[in-house]
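Visitor: I am new to this structure and would like to learn how to read its features. Could you take me through a few?

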Amino acid sequence: MKYLVTSALPYVNNVPHLGNLAGSILPADVYTRYRRLNGDKVIYICGTDEHGTPITISAKNERLSPRLLCDKYHGIQTDLFERFHIKFDNFSRTTRKPHYELTTQFFEKLLANGHIIEKVMTMPYDQKAELFLPDRYVEGTCPHCGYSPARGDQCDGCGKLLLPEELKNIKSTISGETPIFKKTTHWFLDLPKFSDRLKGWLESQTHWRPNVRNFALSWVKHGLKQRAITRDLDWGVPVPLPQAAGKVIYVWFDAPIGYISSTRELYGGDASKADEWWKSKDTQLIHFLGKDNVPFHAIVWPSMLLGVDEGYNLPHYIEGYEYLKFNGKKFSKSLNHGIWLDEAAALYPADYWRYTLISILPQTKDADFSWQEFGKRVNDELNDAIGNFVHRSLTFIQSKFGGKVPEPELDDAAKEMLKSIDATFEEAGKLFEAFDLKGALNSVLRLAKKGNQYFNEQAPWKKDNPTALYVSVQLDAALSVLLSPFIPASSQRLWQTLSQKGSVSSTSWSAPKVAAGTNLQKPRPLFSKINPKEAAERLASLRGKRG
RNA sequence: AGCGGGGUGGGGUAGCCUGGAGUGCCCGUCGGGCUCAUAACCCGAAGAUCAGUGGUUCAAAUCCACUCCCCACUACCA
């Protein structure tokens, strides 16, 4: 079995925040690293999502062309993900030519197969900004409850669904002008046609989490609607029809196609090589994404894949994470509420963030990031339980055994401990297979705790006990491998301290052996404690410096 | 309003699909131990009407119905 892993393409009009990292990119990276260690064939595909109205608006605000804005943030994001040790097999962009070509082909094929329908609709138009306005970009007074500002699609006051033309005192949120209503032609994906096939397919995906599967099923059961896949914009993939001048394909349509075009790019444009992942029956297609993206990946995207009828695999698994909040509230760029990746990278090592984000991963419900929580995870778990076990065993060998792994005489307690190592590889592996990354990390943490227990029981400082130290070194090495999907940089440091050759990431998912007689390197603490209070202050001063 | 998810000792989280003693894990609190280690580590204890009500069952955190509360989504933000 081969594994094609994707994470939702990050949108390129901003610096990503911790939630963006935790919500798909990091877990996909951790999962992929596990797969690789386990000896599986796997690739991790991603890229930046560079179309849509917000890009054009951000570009205006920053006085850049959309292309230059995308260049800028694609560069920033590429750099940031590297700093967090995210290892993509390919990180592409949806503005590259092959992506345009493939998106055009998808559109033409769906049209030829009768899945795309042309319709005339009326939309608000901002004359000053010269822009058709998506519903969310108009606001006014709710005709039902008088609440203001109500958005163009729904009133936040009474919760009623609205149409933009129902709003009183309607305004464009871009220019503040009153929009006029104009007719415009658009193309719709005929989703209702796929209802039966989607329903059957979704019902058979019993291995999915209920939040993903039930949510998608409820859409199908309530009746799918035809969905507009074009926009009146000049930024995007042009609609390949003579009567569609000035119209582009909707960013939500082209973004997932980016998974395929990015895979082709990995193979230098060789489509048949990419198809070995996309069309071969022994590949599992696995999407990591945030819950807001579930309908798109579970309904629209599979319909597109079915509709082109070219033998593409449907997703095997869709991991839809809930949201990460900061101090109990949503991340918000406009309120500057949250932590952005450039700030996080400047404050603490990537591994501290990676460890904490996985340990609070919102797998079944929203999770909250706070400095308190960060402190607990880094100090109590990463530093005290894991780091301290490694450090106490390694310094002991330095001071009492001259830095040389001693020859053991395996007694029952030692054998038991070695068995626990094997059991942890097995248990964590199973949890990875079930996409329970948080559980896998937890089982590794428990092994470190067992190590501390063992060390205390053996009390090698009381009597000569080379066996206990031999076993502890085996544990250290096991931890290095077990932790490497989560905290690759620290794992590698530990690996080298144990005088092991090469990269820990290219070993295998099984207990490594450090031979008796091996000369170990001088240990330095793997981690250090952080002070939650000071962390908040350091963030504030960082922001102060930048103005 | 509708749809989806969630409510489990003080905090967090797993268990629920496939019912079997309130079981596990991380933290906190209290008491004890250890002194190799970054004031780290280990042991023990206290602490819960499993949101509520009703039902099914020999048996319910788990299945069913209703109610309350939290989060998100609702198709033209991406």
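Visitor: Is Phe 296 buried or exposed?

Guide: Phe 296 is buried, because its relative accessible area is 4%; buried means under 20%, exposed over 50% and partly exposed in between, with a 1.4 Å probe and protein chains only. This is a predicted model, where local features need pLDDT of at least 70, side-chain atom pairs count only at pLDDT 80 or more, and totals for chains, interfaces and linings use all residues. Residues are numbered from 1 along each chain as its sequence is written, chains are lettered from A and ligands numbered from 1 in the order in which they are written, and side-chain values use heavy atoms, with hydrogens and water left out.

Visitor: How many aromatic pairs does the structure hold?

Guide: Rings of Phe, Tyr and Trp (its six-membered ring) pair if their centres lie within 6.5 Å; planes under 30 degrees apart are stacked, over 60 edge-to-face and the rest tilted. The structure holds 39 such pairs. In one of them, the planes of Trp 252 and Phe 296 meet at 40° with ring centres 4.6 Å apart, so the pair is tilted. It joins distant parts of the chain, 44 residues apart: Trp 252 is in helix α7 (residues 251-266) and Phe 296 in helix α9 (residues 294-308). Helices here are DSSP runs (H or I, at least four residues) and strands are runs of E, at least two, numbered from the N terminus. Trp 252 is partly exposed, at 31% relative accessible area.

Visitor: What kind of pair do Phe 425 and Trp 509 make?

Guide: Their planes stand at 80° and their centres 5.3 Å apart, so this pair is edge-to-face. Phe 425 lies in helix α13 (residues 412-433), while Trp 509 is in the loop between α16 (488-497) and α17 (532-546), 84 residues apart. Phe 425 is buried, with a relative accessible area of 4%, and Trp 509 counts as buried at 10%.

Visitor: Which ring does the charged end of Arg 231 sit over?

Guide: A charge sits over a ring if NZ of Lys or CZ of Arg is within 6 Å of the ring centre and within 35 degrees of the ring normal. Arg 231 has its charged end over the ring of Tyr 250, 3.5 Å from the centre. Likewise, Lys 182 lies over the face of Tyr 125, 4.0 Å from the ring centre.

Visitor: Which rings are linked into a cluster?

Guide: Ring pairs link Phe 326, Phe 331, Trp 340, Tyr 348, Trp 353, Phe 369, Trp 371 and Phe 374 into a cluster.
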